[in-house]
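Welcome! Please take a moment to look over the sequence and the model, and then let us walk through them together.

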Amino acid sequence: MEQNTVTPHAVLAAAPDDPTFGDLIRFLWSRRVRLVTLFLLTAAVLGTCLLLWRYFIARQVAEGTLSLTFRGMERHEYPSGRKFSVEDLRSPQVLTRARTNAGVADKTDVNSLYVGTEITPVIPSEIQARWRKQDRDGTKREEYFPQDFRIRVNARFLTGNQRVQFLAAVIRAYQDDVRFEHAASLRRFADFSAMSPADLIQNYDTWDLPTLLAERERNLRQQIEALVIESRDFSDPNFRMTFRDVGNDLTTWRDTRLEALTAFIYKGRVVKDRDLMLKRLQQRLEELDVQVKQLSGEAEQSTKLVESLDRSKPLLAGPLTNRDGAPLVDSTALEKLVRSDYVGPVVKRITELHKQAKEAEAEKARTEREIAILGKSDAGMKPPAGLEALVALVTKDLARIVANYNKVLDDYMNATVTSLVALKQGPSETREGPTGKALAMVLIAVSVLLPFVVVFFESSMKR
């Protein structure tokens, strides 16, 4: 019987060749109709599903970026000095007023609105980069107080239009809070004409009238000087009046109206009860004398404290030395640190003390002159004719200035709060989840790859 033998060369010759790239192209080309059909079908199904999810399942969100630039925000404080908190933007008071202004049903729970309102501080990229570097270096992060906040309203029980309206209502409600804080840091003045000239003369000693009016003028002037710097010449939109104009008007009133009334009373020695007034002025003089000595002593002690810092090098380097006597800490750097952290506030305090001492000395001199004048007057006299008409003229003019001040102050607060608490971006309406561009890229990638996977899987199953 004849035996068949197969050589290794014959086996290699009979083995099929490895598939080439051309075989892959011919394979795909032969199934081109199926690939196109699967691509279109996959794109249609996935596109429909993504659109349904995007516009009917994904929540609609109203968002915007709120910018806070009012005075004190750089330290996270309100103009009144109260500390700022992110939760103030969605406090129960703010959400309750916003719910009413936006027309949302009152039965809507404030806690649900709180959960559906997200507040996120906006940290600039350069600050984040420095924080990452500081974290890598193991150093403490620098302090940064954000002034921009992203607000997102995504409450499920609100419609898309209601979310936008509620976001705008939250901003308006918070503006009211900031306006209140701003007003608390400033001062409105009551209308001085509420009391008639006859009542002023009846209720006060005639000798006190110039002092009362001068004190009122001084308080109003301090407020105006602070507002001139803060408002940067803000102009009333209706009458084009600024705080500087009100201050100039007040100066004219002081130099004309008030001086005329003061001269009329002091030169005429018009006083109801001379003995009682002399006792009061004497007591006031003693208090001023004590006040001047106290302010001068405090200023002198603070000045000596600053002068002692000129001899701070040996003091700073001495305790911080090694056994050889070499300083372990640079005394110059330490001295600079002490000066920057301590000397500045002390010098400012010394300046204020000297100013207060000079004002107290001037008040003391005025009181001494009044005592000298009253010593030559009668024990009591009836108010002379013409006093009531002069008081009426002075108070009426002052009431006009106070009314102008209050009007400019109201307009300034309304204008500045609107501009210093405002939406930097938005409000805009969007939907949660990936953006349309991201969804389109996912749709194209899946629609292209899935037909090839299906075709290759079918082919492998057949083999």
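**A walk from surface to core**

Let us start on the outside: Leu 40 has a relative accessible area of 53%, over the 50% cut-off, so this residue counts as exposed. Keep in mind along the way that you are looking at a predicted model. Leu 40 is found in helix α3, and Leu 40 belongs to a nonpolar patch on the surface, together with Val 36, Phe 39, Ile 444, Val 448, Leu 449, Phe 452 and Phe 456. Taken together, the residues of the patch have about 720 Å² of accessible area. Two or more residues of the patch come from each of α3 (32–57) and α15 (436–462). Helix α15 gives the largest share, 5 residues.

In soluble globular proteins, nonpolar side chains tend to be buried together. Here, the largest nonpolar core holds 37 residues. Those touching the most other members are Trp 207, Ile 224, Phe 243, Trp 253, Leu 261, Ile 265 and Tyr 405. To trace this core in the model, follow α8 (197–203), α9 (209–231), α10 (243–267), α11 (274–308), α13 (331–374) and α14 (387–420), which each give two or more residues to it. The largest share, 12 residues, comes from α14.

Aromatic rings are our next stop. The whole structure contains 5 aromatic pairs. In one of them, the ring centres of Tyr 78 and Phe 84 are 5.9 Å apart and the planes meet at 65°, so the pair is edge-to-face. Are these two residues buried or exposed? Tyr 78 is buried, at 3% relative accessible area, and Phe 84 is buried too, at 8%. Ring pairs also bring in Phe 149, making a cluster with Tyr 78 and Phe 84.

Finally, look for the charges. Arg 90 is buried at 15% relative accessible area, whereas Glu 87 is partly exposed at 35%.

Another joins Arg 141 and Asp 135, at 2.8 Å from N to O; Arg 141 is partly exposed at 45%, as is Asp 135 at 41%. In helix α11, Arg 284 and Glu 287 lie 3 residues apart, about one turn of the helix, and their side chains meet in a salt bridge at 4.0 Å. Elsewhere, a network of salt bridges links Glu 74, Arg 75, Glu 77 and Lys 83.

How values were computed: Residues numbered from 1 in each chain as written. Predicted model: local features only at pLDDT ≥ 70, side-chain atom pairs only at ≥ 80, totals over all residues. Heavy atoms only, no water. Phe/Tyr/Trp six-rings, centres within 6.5 Å; stacked < 30°, edge-to-face > 60°. Buried < 20%, exposed > 50% of the residue type's maximum accessible area, 1.4 Å probe, protein only. Patch = residues over 30% accessible without salt bridge, like charges linked within 9 Å, V, L, I, M, F, W, Y side chains within 5 Å. Areas by Shrake-Rupley, 256 points an atom, 1.4 Å probe, with all protein chains shown as cover. Helix = DSSP H or I, 4+ residues; strand = E, 2+ residues; numbered from the N terminus. Core = buried A, V, L, I, M, F, W, Y, C linked by side-chain atoms within 4.5 Å.
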